[in-house]
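Subject: Structure handover and notes

Hi,

Here is the structure I promised to pass on.

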Amino acid sequence: MKSWIENIDKPIKYALGFIVLVLIVGNIYTLINLGTMPFFSPNYLLQQLQVASFLGLIATGMMVVILLGHIDLSVPWTLTCAAMTATAVGGDGAMLAGLTAGLIIGLINGIGVAFLRVPSMIFTLGVNTVVQGLMIVHTGGYAPQTASTPIMNFLATGYIAGIPTALFVWAAIGGLIIFMLNRTPMGRYLYAMGNREVAAYLSGVNTRLILIAAFVICSLCAAMAGILLAGYSAKAYQGMGDLYLLPAIAAVVIGGTNILGGKGTLAGTVVGAILIVLLQSVLSVMQMPEAGRQIIYGSVIIGMLLVYGRAEKKES
Amino acid sequence: MSNFKIWMASNWRLFLAIGIFCLIYGTYSFLHPAGGSSRLFVQNSNESFVLISVAMAQTLPVLTGGLDLSVGSVMTMINALASNVVNGSPTEVFLGIILCLCSAALAGFINGCIIVYGRLQPIIVTLATGAVFMGIALFLRPTPGGEVDGDLSFAATFDLNEIFFTYGWPLPEWFENSLGLIPTPVVLIVIVVLVIWVPFKNSVTGRGCYAVGSAEGAAYMSGLNVDRSRLAAYTLAGLFAGIGGLYLALQTGSGNADIPQAGAYTLNSIAAVVIGGTSLYGGIGGVVGSIFGAMSLRAISFNFRVFDADGPLGFISDPLLQPLFEGSILLIAVSAGAARVFSIKNRLNLFGS
Amino acid sequence: MVEQVAHKRADDSDLILQLEGISKRYGGVKALSQVDFSCKKGSIHAILGENGAGKSTLIKIISGVVQPTEGTLKVAGQVQQFASPTQASEYGVVCIFQELSLIPDLSVADNICITDPPRNRFGLIDKAEQIRVATDLLARVNCADVNPRELVKNLPLSRRQMVEIAKALGRKPKLLILDEATSALSAADVEKVYEILRGLREEGLTMLYISHRMHEIEELADRLSVFRNGEHIETFDKGARSNDEIIEMMIGREYSSVFPPKPTHDDKLLTVLEVENLSWDGRLNNVSLTLGEGEIIGLGGLDGQGQHEILLALFGVLRGYEGKIKLHGKEVAMGSPKQAKSDGSIALIPEDRKTEGLMLPMSIQDNISIATLDQLTKGLIIDKSAEAAKIAEMIEKMSIKIGNVDDAVATLSGGNQQKVVIAKWLMTGAKIVLLDDPTRGIDVGTKQELYQLFRDLADSGHSIILYSTDYDELIGCCDRVSIFYQGEIIRELTGDEINETNIVAASLNMEISGQQAGTMP
């Protein structure tokens with residue numbers, strides 16, 4: 001029998017270790033400078049998890065697409081579009097409207113990649129720009145409602161039994177994705193196509209359908225994150241998604257998902273998202289200027305990948 | 001097949017890019033009241049230079065089958081560096097420029113080393129180093145500002161005559177109304193292409209970049225130094241991006257570590273490379289195509305400025321609609337490139353290797 | 001310097017290449033053991049052996065792609081250790097590998113001069129000189145019609161092979177190794193290559209020629225060496241051994257026992273599949289065939305005459321075919337593998353199992369069940385216990401040798417990998433099995449198991465179409481054989497007609513008398 005520690009994926013192990021390291025370093029810093037150790041308080045950690053749930057949701061969707069060996073660069077404006085649509089519609093239908101916007105963008109992405117076979121990187125980039133254009137027209141032409149609805153506020157900032165509601169949303173969606181990846185044919189097809197799309201196609205898999213479904217899932221996750229973010233800041237605004245694209249990809253990759261597809265777990269992505277949020281938070285508490293934060297942030301990604309993300313050396 | 005036919009067949013992507021540019025820019029020149037004037041050329045080439053550099057930078061990694069998501073950050077970093085060092089006495093200015101270009105190449109070289117020796121995916125490496133370079137940019141230039149040599153700014157961002165005026169050199173009369181009207185940025189691009197790209201493309205290492213992108217296994221089997229070609233590609237990418245950053249500093253007279261702007265340049269560089277006829281799968285294309293791709297992208301946005309706001313097509317000039325038009329045209333362009341998909345008869349060929 | 005060495009040693013020995021006690025291990029697997037082998041100057045030396053006999057490891061060692069675990073290698077009498085193919089070529093050892101080493105997006109001239117292009121005084125590639133060099137070399141391989149400026153990807157496969165030879169000659173080899181160099185060529189082109197090779201022999205070049213086609217060896221080679229299971233069995237002059245003896249040396253046992261006996265069918269087999277006048281993209285022309293229940297029909301002919309395409313068409317991969325495909329008498333428009341699987345109970349064992357048949361990094365069980373998941377799903381969920389049970393049943397039935405079903409399928413041997421692909425399809429309950437060269441790269445023992453399996457399947461009511469590049473397989477396995485030539489079926493052989501003479505003659509589109517050649521491509 002292997003011990004349970006050996007059963008954890010190597011990337012997750014390293015990422016968890018690094019999370020602990022970040023917390024310890026942060027505490028040592030505050031202990032010296034302020035005489036307190038805020039980073040071990042449950043409140044602080046819960047608050048960080050709440051913030052991580054926005055990034056975590058986006059990363060969850062992104063991972064599904066990356067598992068196929070594709071990427072979705074339209075996430076920033078998908079998120080913004082969903083938030084803006086939700087706040088503009090308002091009322092009871094707000095969230096449904098936001099998710100519908102996400103669904104439509106996901107369908108367009110999926111169809112472009114599956115039927116036109118345009119590289120996803122370039123197609124989703126184009127879609128991102130188009131959605132951005134639409135949103136600028138939307139907010140510029142007249143003054144739409146941008147305030148979030150009470151239910152959005154509650155989902156983003158409320159608490160149930162002392163635990164942030166956003167965390168429940170993340171857990172629920174994450175649970176669905178784990179179920180999908182592990183227990184349904186769709187999950188198996190995702191991994192298969194990420195490894196060898198042709199082999200999956202020749203095994204009678206409807207590869208186009210899977211591609212479209214993956215992009216729809218990614219857009220829906222981003223849309224949900226946008227709705228929560230609008231609730232979190234009580235409004236939707238332009239550029240609200242710009243800061244989430246690269247951290248989401250980083251979270252997925254740090255969590256051990258192969259950027260070329262075919263390999264990865266959601267647990268890794270969750271740990272990756274938490275790591276990035278904690279790192280950003282501790283650095284800002286340490287009053288690290290933005291410059292230092294960017295440098296550390298980039299170095300951590302490269303460092304972690306150099307430790308466990310290297311490709312096999314070629315047989316020479 | 002005749003040599004000419006082969007030449008046409010091997011370069012049709014480039015010709016298409018040139019055609020697209022001529023069409024878009026031609027429309028603009030036709031509609032613009034000052035269309036075809038030297039002043040307008042200067043203005044347009046100024047507005048295009050940085051994107052052109054970044055697109056040139058992106059071309060090389062893409063040729064090798066990779067991607068560089070840090071070109072915007074390198075550009076911004078060098079922009080911030082230039083706002084610190086490109087001023088003072090002429091010697092200091094000169095050394096400052098050298099320092100900028102060397103730093104840019106070094107940044108690219110570091111990318112290359114991590115990718116080649118760390119055996120990591122280019123996308124994710126440059127994503128991370130992009131953050132690092134951005135951090136350095138913020139460190140060098142925490143708030144917009146700084147100082148750039150004014151004379152050099154004038155000399156570099158107008159026409160050739162301006163160089164003579166700026167430095168008080170005697171200007172030959174025959175020159176003033178002919179060659180002197182050529183915008184300096186255009187000359188700079190031509191120099192960069194002739195001095196860096198053309199020799200590189202015809203070197204063993206440069207051809208190795210095409211070979212690696214086209215068939216890495218075959219390139220290795222043929223005894224090519226695959227690692228060296230990759231390293232060179234990323235180093236040159238850094239250098240080209242740095243040239244863009246340096247120019248941006250000259251153009252604005254200052255430095256600005258603007259994160260969203262860096263991101264936008266990176267993403268637009270990919271679009272420009274694709275419109276310029278370089279395959280995202282590697283092995284096909286070149287820097288010259290990317291230059292026309294970048295200019296086409298820019299020319300699209302120029303066009304929106306010239307439609308008569310009161311005319312029947314006036315809505316086109318609505319500034320609110322411009323991002324939408326730009327995005328739609330980009331999307332249509334990449335989708336049109338996909339038309340060949342429908343002529344593929346063996347569905348297995350739909351899947352890349 | 002190299003030149004001098006060669007001259008000095010020429011007197012000592014007429015051997016250009018000597019291997020002494022060469023062994024090579026990959027991990028725990030022994031690919032070559034204690035091989036002693038030598039090669040005479042100015043000869044064409046053929047190396048024969050089944051797949052997995054160690055031929056490719058041997059040439060990789062000689063050409064510096066891999067290094068031997070033990071033993072010494074001498075070139076022209078000098079002990080050498082080649083660290084890379086480039087280093088080997090500096091000493092005159094140049095190899096043309098089976099997978100082409102040409103770069104599709106570069107021009108012919110670029111490719112020919114890729115390793116060491118002529119340079120001008122600035123150190124840059126001299127394009128004009130490069131064209132001249134390429135033109136000369138192309139003329140030497142009788143390919144003066146190929147424009148050196150053309151991109152390699154625009155050339156037909158046969159021309160690319162010639163370019164590959166020209167490229168190798170450009171490196172001024174003393175020992176040229178050709179690994180399955182003619183496997184992609186049409187008969188006329190094969191003949192051209194032979195002419196060139198004979199010409200090169202006249203010029204004093206030594207050649208090592210690796211092939212599994214007996215017919216080629218007979219025409220070309222001066223000496224032959226047989227390898228089996230990583231060992232050098234015997235080296236002899238042409239004509240010293242009969243074909244049967246050679247084949248027995250290659251497979252290590254008597255030949256006739258390889259194939260299971262064929263049953264005698266009554267004339268009225270139930271027709272399960274009919275193809276009527278199928279044409280596609282100029283590469284299939286009016287192909288018609290019928291497949292009966294329990295029947296194995298073979299597709300023969302030279303490589304690339306449309307056999308591969310007809311299988312793809314039946315499996316729904318080809319778009320826009322003309323003609324009819326009928327299943328049990330009903331016409332079906334085949335649009336996708338999914339449709340072929342669910343509507344037609346058709347299975348395709350693809351040509352390239354590593355890229356088209358398997359997801360190599362994924363587990364054995366994931367690979368086996370991927371085509372059957374829709375049948376194993378209850379509601380939305382995969383029934384994991386039913387899945388495990390079915391997989392275990394298939395592994396048992398196919399006697400796949402595995403450690404653990406969770407292991408990556410990449411860890412299995414070629415033969416067991418192929419069994420996984422077949423198991424995947426049998427699990428779907430497929431009734432019509434299309435086999436696209438299924439025994440390529442598989443050891444003899446597994447081959448024999450597969451032949452037995454094909455016959456067992458047929459006996460239990462499956463129908464099989466077998467495309468093979470190996471004539472013996474067609475002869476040993478098939479009830480009927482259709483020979484393809486330029487996208488058409490030019491001859492159908494049944495019963496005793498299925499023999500080597502007939503297959504070879506029909507493949508080359510010659511009359512059976514063998515006198516008259518048809519129109520060559």
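K153(C) and D105(C) form a salt bridge, with 2.9 Å between the closest N and O atoms; a salt bridge here is a side-chain nitrogen of Lys or Arg within 4 Å of a carboxyl oxygen of Asp or Glu. The pair links distant parts of the chain, 48 residues apart: K153(C) sits in the loop between α5 (127–140) and α6 (157–170) of chain C, and D105(C) in the loop between β6 and α4 (108–112) of chain C. Helices (H or I, at least four residues) and strands (E, at least two) are DSSP runs, numbered from the N terminus. K153(C) is partly exposed at 34% relative accessibility, whereas D105(C) is buried at 15%. For these words, buried is under 20% relative accessible area, exposed is over 50%, and partly exposed is in between (1.4 Å probe, protein chains only).

Before going further, please keep in mind that this is a predicted model: local features need pLDDT of at least 70, side-chain atom pairs count only at pLDDT 80 or more, and totals for chains, interfaces and linings use all residues. Residues are numbered from 1 along each chain as its sequence is written, chains are lettered from A and ligands numbered from 1 in the order in which they are written, and side-chain values use heavy atoms, with hydrogens and water left out.

Over all chains, the search finds 24 salt bridges. Another of them joins K326(C) and E276(C) at 3.1 Å, N to O. K326(C) belongs to strand β14 (residues 322–327) of chain C and E276(C) to strand β11 (residues 271–280) of chain C, so this pair ties together parts 50 residues apart in sequence. E276(C) is partly exposed, at 26% relative accessible area.

E309(C) and R283(C) also meet in a salt bridge, at 3.4 Å from N to O. E309(C) is in helix α10 (residues 307–314) of chain C, and R283(C) is in the loop between β11 and β12 (284–292) of chain C, 26 residues apart. E309(C) counts as buried at 10% relative accessibility, while R283(C) is partly exposed at 42%. Which residues are joined into one network by salt bridges that share partners? They are K345(B), D281(C), R283(C) and E309(C).

Now to the strands. Five of the five residues of β7 (residues 175–179) of chain C are buried, so this strand is largely enclosed by the rest of the structure. From β7(C), L175(C), I177(C) and D179(C) point one way, and L176(C) and L178(C) the other. Strand β6 (residues 93–96) of chain C pairs with β7(C) in the parallel sense over four bridges; two strands pair if DSSP finds at least two bridges between them. Within that pairing, I96(C) has L178(C) as its bridge partner. β7(C) also pairs in the parallel sense with strand β8 (residues 206–210) of chain C, over five bridges, and there L176(C) stands opposite M207(C).

Chain C also has an open sheet of six strands with mixed pairing, in the order β16-β19-β20-β13-β21-β22. β16 (346–349) and β22 (488–494) of chain C stand at the edges with a single partner strand each, so one side of each has no neighbour in the sheet. Inside the sheet, β13 (residues 296–300) and β20 (residues 463–467) of chain C pair in the parallel sense over four bridges, and L299(C) stands opposite Y467(C).

Happy to talk any of this through.

Best wishes
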